[in-house]
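Student: I would like a close look at a single part of this model, followed by its setting in the rest of the chain. Please keep the account connected.

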Amino acid sequence: MSREQISDIAHADHPIKSPLNDESVGALLERALPRGDERVLDLGCGTAEWLLRALATRPHLHAEGVDVSQVALTRARQAASGLGVDERLVLHHQEAADFVSTQPFDLVISVGATHAFGGLLPALAAARKHLAPGGRVLIGESFWDRAPSPAAVEMFGDLDDLATTVDRVAADGWIPVHGHVSTRSELDAYEWACWGSLADWALDHPADPAGAQVLETATAQRSEWLHGYRDSFGFLCLVLRQTSDGAS
Ligand SMILES: C[S@@+](CC[C@H](N)C(=O)[O-])C[C@H]1O[C@@H](n2cnc3c(N)ncnc32)[C@H](O)[C@@H]1O
């Protein structure tokens with residue numbers, strides 16, 4: 001079974017592929033979409049869950065999503081069709097960093113996908129190129145809530161703490177107008193949903209040749225989380241604006 005297929009099963013009960021609950025996602029979208037008729041781009045959209053929620057509640061919104069996972073984009077298309085929003089959603093199967101558009105966007109979302117650009121500031125630089133004047137960015141990034149173990153650094157790389165992360169964003173010319181730090185409950189719910197869904201799937205498909213691989217993945221990932229990064233990992237979402245001339 002491919003990594004994309006395993007990810008698809010892991011997120012069956014948590015379609016937002018980031019540690020946020022539905023209420024937090026809704027509140028961030030409210031702050032990021034003040035009008036309701038915006039053009040929205042999601043770089044690293046996964047199953048386009050952020051866009052689907054925005055489209056389903058805002059009939060005048062138009063959205064585009066970019067991702068390298070065909071499995072995730074197929075899932076997004078099916079969901080968009082089920083919600084009746086497919087005519088307002090365009091999906092692009094390509095590298096997020098290579099995406100170009102002739103028209104700018106009022107909101108650029110990139111949550112849990114800054115690695116696609118080589119980090120937080122390069123992701124913001126990419127978002128900036130797509131922004132219409134007065135546009136907003138909704139970015140989601142990991143940070144160290146406490147000093148990480150060497151194993152955690154190996155898994156997630158060299159992250160900053162919360163204050164340093166926000167300082168770096170501000171120094172790059174962005175003004176945070178809203179933020180959300182994932183709670184311990186959101187972080188735990190996400191991990192349990194992912195590794196629990198994989199374990200459930202393996203137990204529900206005992207004759208499937210991929211069953212053992214899926215159960216092994218669930219066990220290994222749950223262990224990496226509990227032993228490796230649960231105590232140090234944090235996740236932050238920011239809604240960002242620039243001054244009218246783009247300067248800080
Ligand atoms: C943690 S998921 C987040 C998905 C979505 N933003 C969400 O919050 O539900 C990261 C996504 O980034 C995508 N991704 C990773 N590298 C990418 C790249 N180079 N270009 C586009 N998408 C990429 C993955 O396929 C995955 O769907």
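How many nonpolar, polar and charged residues make up the shell around the ligand?

Tutor: The model is a predicted one, and what follows should be read with that in mind. By class, the ligand shell holds nine nonpolar, five polar and four charged residues. Of the 18 residues around the ligand, those that come nearest are Lys 17, Gly 44, Gly 46, Gly 112 and Ala 116.

Between strand S1 (39–43) and helix H3 (49–57) runs a loop that contains Ala 48. The phi angle of Ala 48 is near 65 degrees, which is positive although the residue is not glycine. Most residues other than glycine have a negative phi. Ala 48 is buried, because 28 other C-beta atoms lie within 10 Å and 20 or more are enough to count as buried.

Next come the strands. Strand S4 (residues 105–111) runs parallel to S5, and six bridges join the two. In this pairing Leu 107 is placed opposite Arg 136 of S5. S5 itself, residues 131–144, is mostly covered, with 11 of its 14 residues buried. S5 also pairs with S7, here antiparallel and through eight bridges, and Glu 141 faces Leu 236 of S7 across that pairing. Strand S7 (residues 233–241) is likewise mostly covered, eight of its nine residues being buried. S7 pairs with S6 as well, in the antiparallel sense over six bridges, with His 178 opposite Val 239.

Val 181 belongs to strand S6 (residues 175–181). Leaving aside neighbours within four places in sequence, Val 181 is in contact with Leu 162, Gly 234 and Leu 236. Gly 234 is 53 residues away from Val 181 along the chain, yet their C-alpha atoms are separated by 7.5 Å.

In soluble globular proteins, nonpolar side chains tend to be buried together. Here the largest nonpolar core has 70 residues, and the members that touch the most others are Val 40, Leu 51, Ala 54, Val 108, Leu 138, Ile 139 and Leu 198. Not counting residues up to four places away in sequence, Ile 139 touches Ser 110, Val 111, Ala 123, Leu 124, Cys 237, Leu 238 and Leu 240.

At helix H1 (residues 3–10), the buried residues are Ile 6, Asp 8, Ile 9 and Ala 10. Their cover includes helix H4 (70–83), helix H8 (184–204) and helix H9 (211–229).

As for the whole chain, its secondary structure comes to nine helices and seven strands. The radius of gyration is 18 Å, close to the 18 Å that the globule rule gives for 248 residues, so the chain is as compact as a globular protein of that length. Along the principal axes, the C-alpha atoms fill a box of roughly 60 × 45 × 30 Å. Of the 248 residues, 42% count as buried. Among contacts with a separation of 6 or more, 73% are between residues 24 or more positions apart.

Terms used:
Residues are numbered from 1 along each chain as its sequence is written. This is a predicted model: local features need pLDDT of at least 70, side-chain atom pairs count only at pLDDT 80 or more; totals for chains, interfaces and linings use all residues. A residue is near a molecule or strand if its C-beta atom, placed from the backbone, lies within 6 Å of it. Ala, Val, Leu, Ile, Met, Phe, Trp, Tyr, Cys and Pro count as nonpolar, Asp, Glu, Lys and Arg as charged, and the others, Gly among them, as polar. A nonpolar core is a set of buried Ala, Val, Leu, Ile, Met, Phe, Trp, Tyr and Cys residues joined through C-beta atoms within 7 Å. A residue is buried if 20 or more other C-beta atoms lie within 10 Å of its own, exposed if 12 or fewer, and partly exposed in between; C-beta atoms are placed from the backbone. Two residues are in contact if their C-beta atoms, placed from the backbone, lie within 7 Å. Helices (H or I, at least four residues) and strands (E, at least two) are DSSP runs, numbered from the N terminus. The radius of gyration is taken over C-alpha atoms; the globule rule is 2.2 Å times the number of residues to the power 0.38. Two strands pair if DSSP finds at least two bridges between them.
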